[in-house]
Amino acid sequence: MGVGIPGTGMVGLPIAVALGTVIADSSAGLEVLKKLTPGILQKGKEMVAENILSVSLKEQVDKLYIEVTCYAGTDSATAIIARDHTRFIYIEKNGVAELDIRSSCVEADSADPEDELLLSYDLVYRFAMETPLEEIRFIRQTAGLNREAAQTSL
């Protein structure tokens, strides 16, 4: 809720949601704000000022969980993302589910706690030394994106 949105001078989920709505490019994944322009920013700020969206905390959810319901006239759509910022587990349009894998996610979440990965220095070191670079090259790209976001926010 308190994270700054680079290039906006604003913090929080409402402006992030508004900008994502105005940009409307799900193919950009977590880089959707790369398309931010002054005009898009103005539209997003207007959406926040007009209170046409609300953000609230979902009770009894301990992992990443995003549920969005949008209304336009008599139409509605709901999408749920869980465990990963781009992993849709439920999509519904006008009361008809187009994707529903919520039950498989509940089963995975209720797995035996003993099956959880327990990190140790040796495990991390072995991973760092033995994992092929091609499999973890995304880390460098992510570091670059984070650096760019930090520079923009400065």
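Q: What makes the approach of the Thr8 side chain to the backbone nitrogen of Met10 a polar contact?
A: A polar atom of the Thr8 side chain lies 3.0 Å from the backbone nitrogen of Met10. That counts as a polar contact because the limit for a pair of N or O atoms is 3.5 Å; within protein, one must be able to donate a hydrogen and the other to accept it, and residues adjacent in sequence count only if both atoms are side-chain atoms. The Thr8 side chain also reaches the backbone oxygen of Ile5 at 2.6 Å.

This is a predicted model: local features need pLDDT of at least 70, and side-chain atom pairs count only at pLDDT 80 or more, while totals for chains, interfaces and linings use all residues. Residues are numbered from 1 along each chain as its sequence is written, and side-chain values use heavy atoms, with hydrogens and water left out.

Q: Why is Thr8 called buried?
A: Its relative accessibility is 7%, and buried means under 20% relative accessible area (exposed is over 50%, partly exposed in between; 1.4 Å probe, protein chains only). Thr8 is placed in the loop between strand 1 (4-5) and strand 2 (10-11).

Q: Why does Thr78 count as buried?
A: Thr78 has a relative accessible area of 11%, so it is buried. Its side chain makes a polar contact of 3.0 Å with that of Thr69.

Q: How do you know that the charged end of Arg102 sits over the ring of Tyr90?
A: The distance from the ring centre is 3.9 Å; the rule asks for NZ of Lys or CZ of Arg within 6 Å of the centre and within 35 degrees of the ring normal.

Technical notes. Helix = DSSP H or I, 4+ residues; strand = E, 2+ residues; numbered from the N terminus.
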